[in-house]
Amino acid sequence: MNQSVKFDKLAATYDAARGGEGRGHMTAATISPHLAPGSVLEVGVGTGVVAAGLAALGHTVHGVDVSRPMLDVAATRFDGELTVADGMALPFDDASQDNVVYVHALHLMPDMAGALKEAARVLRPGGRVVVRHGDPVSEPDDLVLILRQVQARQPDRPDAPDAVRAAAEAAGLRMCEQGMRPEYESGMTPETFIALITNRQVPFLQRLSPERAAEVVEPILAQLRALPDPRRERRQSWSCWLTVAEKPA
Ligand SMILES: C[S@@+](CC[C@H](N)C(=O)[O-])C[C@H]1O[C@@H](n2cnc3c(N)ncnc32)[C@H](O)[C@@H]1O
């Protein structure tokens, strides 16, 4: 399934399953200090939660995405420009952008180095690429320990830190920084987690084949149903990778 079709189908439920505006604002606060002066192009802007967070911090943001339904949701929360476009062929002039940002989007491009070459083309000298990537991690509680079992069974992600670094360097970008940084805080009860797993709204399950997902779902649900206090919220602080690179002047 191509990415546009996949996210067209997810648009209505995406925010509830992926942290929504709370994640967007916290992610924006983590990204903002690393941006070069000027505006931001967010590639794979999705439902606009991060773009709205960056706009609230005073940044001018232009969002692009291959999925029109995701952009339709973004338009309900974000006043900036939104364009249907492919990150592999950005409809912008050479050296026309100050920053290019990807939040859980770079790994979905068919070729990370090719996507970053395209970012480098549209960036002005001294402009920056900021990437949030990799699976979020949190201190363990009883829910997180079960979630880790799902994570452990997923196929390897393409956006491991070394791979993102290598792609940035292959695109001619100079590395500025790479590390784990806060991404969002969540509160979840076993009951809500059971609903997400049952409806396959957990990203890890969506990356597994339907046969493999069916195999892992039942044992996970059995463990979740056995947890005490199914309506008690567990709070987690999640982090994921931040990579910052610059187009040499
Ligand atoms: C996991 S979502 C992340 C959305 C948003 N950045 C966020 O953090 O909520 C990935 C987004 O990238 C978009 N996408 C996937 N491949 C793309 C491509 N080649 N060009 C532009 N957008 C793409 C999808 O349609 C989707 O909206």
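## Surface and charge

The chain exposes about 11,000 Å², with carbon and sulfur atoms supplying 53% of it (Shrake-Rupley method, 1.4 Å probe). Its 26 positive charges (Lys and Arg) and 32 negative ones (Asp and Glu) have mean positions 3 Å apart.

A word on the source: this is a predicted model, in which local features need pLDDT of at least 70, side-chain atom pairs count only at pLDDT 80 or more, and totals for chains, interfaces and linings use all residues. Residues are numbered from 1 along each chain as its sequence is written, and side-chain values use heavy atoms, without hydrogens and water.

## Overall fold

You will find eleven helices and seven strands here (DSSP runs of H or I, at least four residues, and of E, at least two). The C-alpha trace spans about 55 × 35 × 35 Å along its principal axes.

Of the 249 residues, 53% count as buried, meaning under 20% relative accessible area with a 1.4 Å probe. Taking contacts (heavy atoms within 4.5 Å) between residues at least 6 apart in sequence, 76% join residues at least 24 apart.

## Nonpolar cores

The largest nonpolar core has 28 residues, and Val 43, Tyr 102 and Leu 173 are among those with the most contacts inside it. Such a core is a set of buried Ala, Val, Leu, Ile, Met, Phe, Trp, Tyr and Cys residues joined through side-chain atoms within 4.5 Å. Elements giving two or more residues include strand S1 (40-43), helix H6 (112-122) and strand S5 (123-138). H6 provides the largest share, seven residues.

A second, separate core of 21 residues includes Leu 143, Ala 213, Ile 220 and Trp 238.

Definitions and conventions. Buried means under 20% relative accessible area, exposed over 50%, partly exposed in between (1.4 Å probe, protein chains only). The place of a charge is taken as NZ of Lys, CZ of Arg, CG of Asp or CD of Glu.
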